[in-house]
Every structure is written in C-alpha cells, then in structure tokens.
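Reader: I have a structure to go through with you. Can we take it step by step?
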Amino acid sequence: MQLDRLGSFHQSRLSFMRTLVRRMVKEKWQINSTVFDLDSEGYGTAVYEVKAKFGTYSYVLFSHYLDPENRNDRVIANQWDLTMALCEGTVDAEQLEFLRTNVPKQEAGRVDSRVFVLSRGNRSGRTFEYVVDELANGRQPDVDVIAEVGYLYRTTAAYGSGKLGMADWEKVRTKHRDFARPFAAEMFTCFMLRHFSLQHADYIAAQRAPETAVKLDDDIRRYFGIGNSTGLGMAPFLINHPLLINQWIEQRETALARAKMAGTDGIDSQMLERFKIATDRVIQHLGEIVTGDEKQNISNGMVRQELQELSQWLLEEGDNIVSSCYNWSELAQYAEQRWRVETQEVINTLLIELYPDLVDELEELMAVDEDQHLVPQMSLQELKLVIEDKYDWALAIDFAQPNAQGSFWYRSEEKMEPRLGQTHVDMGMEKQMPLAIGRMVRECYDEVCAYIAEFPQQDVAHFILQQPNLSGAISRIQTMAQSHYGDIRENLVHSDVLPIHLLRCKLSFFGVSKFDPRSRLWVRNTMFQGAPLISDFDKPFMDDWQFPIKPVLSKSIDPSR
Amino acid sequence: MKVSRNELTASLKKAFEGLGFSVGDYQDAAAMVIWSQMHGFNGLEQLNLALPFLNNCLCLHAQLVSNGDQQALLDGQSSSVLLCGSQTVRLACALARQYGHGFVQLDNCHNRLLIIQRLVSAAQSGTALTAYWEQGSSGFKVTIEAHAKHPEYSQYTLPTQSDNQSLMIFAGEDMVSVEQQFVSQISLDSPVSRVESESMVDSYEHCLEQGIEIDETLWHKLDNLVARVLVESTESSRAGAGD
C-alpha cells in the first residue's frame, strides 16, 4: 500500500468503533454505575458494571485533581485528570483498593491479568469548564463551540494486550468473546470514557448550582465524542504487525469490491439517493472541521469542492445515471482519474456504507495469526525472484541519495517513547529500530545475489548459515510475499517521511474522525462523536453516525430537563 | 512477580537486541524462552543460567563443518541454542524436504532444552521432527509429528555419564520415517519420565489465565539489557516525538 493512500483512509463499517457499537446495541448491553462516589468538585471513584452477551465486566475510573500546568497529552506525562481500567467480572473492595493504588500511576504501576485495558484522559481546556458553566446557569452549550473541539475529555493512551501485567490478547480473545475482536476492549474503554465525561459535566454543574443546573440535551450529548492524541508510538505497530494490517486492509478491499459488484448492473434510484445524502453529509462534516493545520484545511477544502462536484452531478444526472445502468466501478474509475486520493477514499468509504448486508460479516475476519515463517528449502534463485517481483518498490529506492537515509527511528529512555531522529544530527542511530523495511530488503537482495554468484544451486537454509543475521529479513519477505497489503511501500527513513500517514491509517481502522494534525508527527482526532448513547441501546438504531455533523436540535430545549 | 506473555515477549526481544542479537534471532530466542516457560520447561531458569554467558560473548552462530546428502554437521562454537537452534532445525527441514529425511548434528552448544519451540514451529510447516541430546547420566528426546501442536518429551537414563554437548535433529515427512532414522543411530531403554501434551497444555493455560511468574531479579536483569537499546532523552530528541 502507498503511504499517501493509507493516510487518506476514513472510518468504515468495519472500523472497530463501528463494529463495537453495532454489537452493544444489537446485544443490548446493560451498563450501570454501581459506584459513583465523587466529591462536589467531581473527584473520586466511579465503577460501572457491564453486562454483555457472554460475560460481566467492570469499568473502574478514578477522577483526580490535576494542576492545569501539569496537563500533558504526551506519553511521557505522569499525571492525568482521569485514569481507568476495564476488568473482567465484578470488582470487590479488595480489588478496588488494589486498582486505586495502581491505576492512577499508569505505566509506573502494575496490574494483573484480571485487567484488560488501562487508560487515562485529560480535560479539554476549551470545552469542559464552558459546558459545565452553561449547564450550571441553566443553559445548553452552544453547538458551534462544541463543534470546534468535539469532546470534553481526550484520551492519551489505552493500553491493552498484556502490557503492565494485564491479560494477554489471547486470553481476551479465547475467554471473553464480547471483546474477541482486535482493539474491541480498548475501544470500549474509550466509549465508557465518553459516557462518564457526559455524566461528569452534568454532575459538577448540579453540584455547583443545584437550583439552576440543567442536564445536557440528548442531541448535544450524542455530538460529544472523546478526543484522542496519537503520536509516533502508533507508527511502529504498523511496520511490526504486517500480517494484521494486511488482514484489515484486505477485508476493507473485499468490502469495497462487494459494494462495487452490487452495483454492476446499475444503481437504483433509492441507492443513488442514499449515496447523495451521504455525500452531502461529508461535505458538511468537512466544512465543520476546525484545524490549525493549514495543509489539512486546504486538503479538506479541495475534497469538499470535488464532493460538491459529485453531489451536483448526482442531482442533475440522477435519472440518467439510473436509466443508463451506470455503475459504482465507473464512478470509482472516474474519481481515480479526476480527483484527489482523499476524495477517492471518501467515495470508497461511502460505497462500503451502502451495503451492510454484504459487508458487516467481514467484521469477524479482522484478527489473524501473525507468525512469520521462514521457508528453508526455498532455492535462493526463487527467493531472488520473489524479491524482484514483490519488492520492486524497495529495489527502486536509491539509498545512496543523501536524503534516502536522512531519518532514523529509535526508542527514547523516556518511557521507551518511539522518536524520529535526524541522521548525523541526533544521537542514537546505532540503536535505531528496524523499521526501514525497504533498506532491509535491499541489503538482503544484494547478499543473495552475491551468494548465488558463488553457489547458484543453494537454498535458503544454507544461505542463513553464512548470513544468520538475515534470517529475520528472509522470514518477513517470504511471509509477506503471500499477501497483498501488509508492507507499506515507502522509504520510512527518508528525510521527508510523513509518519502522520501511518497514524491516520491505523486510526481509521479504529474509527476516529476529524483529523487535526498538530505536526507531521502527531494528530488529534475525535472518537465516537455522533455515536449512540447507552440510553439509546434499546431504541431503533440506524448505524449511520459516521462523519458527524452538528445536530439540528429537534425541539426547543426545556431548561428543567 | 507476574507478567503477561506479551509483556515478557516484548521485554525479551529488546533484551536480546541489547545483547546484540539481530532481528530474526531475537524474535526466535524470545519465542524459545517463552514457549519453554509457559509449557512447564522452566525457560526463564534456563535463560537466567545462559545470561552471564550471552553477556560476555559475541553473538556466535553455528558454522557448517561438513555437508553431505541428507545430513550435515555444525559447530555451535560454544554458543547457545538461542543463537544456533533455528539454523540447525531449518537445515534439517530443508534436507528433509529435498531428500525425504534429514539429519543435522550441532556440536558444542548450550541450553539445548530451549530447542523445543523451534521444533513445534517447524512442525507447523509439515515436517515431523525429533531432537535428542545427552547431559550427565540422562538422555532427552523430544518428538513432534508434522502439523502437531504439542511434542512429547522423554527422559532416559544412560549407562554411562555423558559430557557430550551435541544436539541431534532428525526430520522427515512423518514420525515413522523420523523414528527409523533415530533408532538407526541411537539405542535407548524405556524412558524414566515423560511429559505428555496434556500437561503442557495445562501449564500453558494456567500461565495465560494467571500470568507468568518471573523472579524480580531476573526481570531487573532484563530491564538492564533493554536499557541498552534505549537512547538518552534530550530536549532535542523530544522534538523527534512531536513537541
């Protein structure tokens, strides 16, 4: 996959937040607070009991005073407004004390295998106090103000998969079917943070002004998501889990192919109308995004312009499109020829959205065995051909060019935070992480060619007796040659590499929206904005909350609510 | 203290990287230790014994001494199976694929008990394998059928003390052919003890459910090795994280 296309992905029906919400609503998960022990300032402990289809879980949250001076979204922070844990079963008093001692410490604490996820959140300086003040004064917050931020709290990390003593992913996958999909437990933790954040604002407003305070209106509540800051820590994941990334993208491509096939014989007017409504919604969504990143602003504007062109065409030519048996593949082809990659990916996402009956079953196929296997009996001649065929993009990179190795990735001693260094400027190049797959393949290829010149009939097993340090490279090459999408076809150590594309790719599979780049190295975004509330779980559900837009308040707001 | 499998894997990979292992080597070595620990073979104890040695030597791999049809002899150069084991098993598998069966003897190597995970991994590709080594008055035999998930482990009493530091790997299409190779070279009485696959599964499930017990001293040793791959943080380096 090309990096710029990966960096243009949007959430889809297969994104983990979407699939989680569908599951919770369909199975009518029961979520109730069993402890809500907060003081008048909103500091204290909350515990929620979660009754899902296959088991019971506990979401435990601690709310702490945090000096605004110490509020920091980076991995290296050591204090937060909120810290929380998702645990199996119900939590007794003894376990709650254990969690109270360790969860607020996050990476500096230890938990045990009863815990699935550890996370933390910080208040939005722009919205939290504003919203509480408005509610305390008996008013609903201004939707335009909310639109600028989109959340009351933002999460800065959600650790799972066995970190800090937690349950291994394999335990979660095999013993807790409610969370047996990649990142389902982590996404649920963020969903619960959103739920708490709304309760928290209501609670503090009521504490401050019991006589006048009102609760947030439900339409406004739905428009609040959870903020997220994602930095370089996510980037190595994509390089180190190529089979998993391949699986995710393959399912997404399968979904897109099914959608295109469904319209092969033409598009009916109802489907066309749905597509147009969705297109107009994206136009509005992009228009409502507020970002200080000029490049992102320009990009959003250009995508809007192209989508407006599409919308106008749908409006004017709708009847002809239906009668002429025009199909989605033709539209996609047109987009590829005329419009930006970002616009193409919006269209792809919208097409997938149209066919839930064909797409949603793929959500069960997002996990995969990630073992890489070396094939020792493969002849070196065959390995050479495999590299030339599957890694032509890597062989095409000229690593002798000055900028071709201008960056390097390393782990800092500060919480092992991944960082990007400048070659010959920053320290630590000798400890760089092995993320330069293109360069690794090039080095392997050169050694294979040299060995073949001397031993043309030899196999991989004998080659790695001579070159044992290349076994990892060969194992990856042989494994990934069987897949289409796992390797990112880009020189990831070029001076101008844009890691933010890597972050956006993974975040799109999580299901976030409103990308707000803060630099080429980290991005803010919004999770679950527009998603149903827990109180919506027993109501009719349309599953159409992607690309959130400002709510049109359907009724005059009664301050006494 | 208890750690999860993923946590231990991440720590071991970086610790081996800190010892100078290359990418493929540290992945394989971490997998070997963890498999042994989780399946009841005391992988962490083995590692603890190996660390002083690994810490004071170059990362030596096996060298090819002789190579004939169906068999090869390797010299482990007094290194660890953590570094030589993968090469040895892969060569045996390649010979088996080419000739129907293969035999590789790795001389002069240590930590041979840790080889089991490499056998299990290779079996998934359709090769049946047996490993055999001797230590003191005991012989140890590990067998696994092609595509099987778990091996059988047997211990034997030897008639005389052995100071042999060799590891023998037999590979073939199925266990019948592998066993024929084995008995043509090694003669053993009945085993004095055997570990069945059920016992290994129980141990694995327990570790997965409760976490893996690790001695805190060893955990700190690993932390110190991990620190070798970390780079000092400076104001300038913080800019490389997005500040």
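This is a predicted model: local features need pLDDT of at least 70, side-chain atom pairs count only at pLDDT 80 or more; totals for chains, interfaces and linings use all residues.

Reader: Start with the contact between the chains. How many residues of chain A and chain B are in contact?

Author: On chain A there are 49, in contact with 50 residues of chain B.

Reader: And how much area do chain A and chain B bury between them?

Author: About 4100 Å², with 51% of it on carbon and sulfur atoms. On the chain A side, Asp168(A), Arg411(A) and Leu465(A) lose the most area to chain B, and together they account for 16% of what that side buries.

Reader: How many salt bridges are there between chain A and chain B?

Author: The count is six salt bridges. One of them joins the side chains of Lys171(A) and Glu209(B), at 3.3 Å from N to O.

Reader: What about polar contacts across the interface of chain A and chain B, how many residue pairs?

Author: The rule finds 25 residue pairs in polar contact there, both residues being at pLDDT 80 or more.

Reader: Which elements give two or more residues to the side of chain A that touches chain B?

Author: They are helix 6 (169-175), strand 8 (407-412), strand 9 (418-422), helix 19 (460-466) and helix 20 (471-480) of chain A. By residue class, the side of chain A that touches chain B divides into 19 nonpolar, 14 polar and 16 charged.

Reader: Which way do strand 8 and strand 9 of chain A run, parallel or antiparallel?

Author: Antiparallel, joined by five bridges. Ser407(A) has Gln422(A), in strand 9 of chain A, as its bridge partner.

Reader: And strand 8 of chain A with strand 10 of chain B, parallel or antiparallel?

Author: Those two run parallel, and two bridges join them. Strand 10 of chain B covers residues 230-231. Ser412(A) stands opposite Val231(B) in that strand.

Reader: Is Gln529(A) buried or exposed?

Author: Gln529(A) is buried, because its relative accessible area is 1% and buried means under 20%.

Reader: Which residues does Gln529(A) touch, not counting those up to four places away in sequence?

Author: Gln529(A) touches Gly150(A), Arg222(A), Tyr223(A), Phe224(A), Gly225(A), Lys514(A), Trp545(A) and Pro548(A).

Conventions. Residues are numbered from 1 along each chain as its sequence is written. Chains are lettered from A and ligands numbered from 1 in the order in which they are written. Side-chain values use heavy atoms; hydrogens and water are left out. Contact means heavy atoms within 4.5 Å. Buried area is the accessible area (1.4 Å probe) that two parts lose on being put together, summed over both. A salt bridge is a side-chain nitrogen of Lys or Arg within 4 Å of a carboxyl oxygen of Asp or Glu. A polar contact is a pair of N or O atoms within 3.5 Å; within protein, one must be able to donate a hydrogen and the other to accept it, and residues adjacent in sequence count only if both atoms are side-chain atoms. Helices (H or I, at least four residues) and strands (E, at least two) are DSSP runs, numbered from the N terminus. Ala, Val, Leu, Ile, Met, Phe, Trp, Tyr, Cys and Pro count as nonpolar, Asp, Glu, Lys and Arg as charged, and the others, Gly among them, as polar. Two strands pair if DSSP finds at least two bridges between them. Buried means under 20% relative accessible area, exposed over 50%, partly exposed in between (1.4 Å probe, protein chains only).
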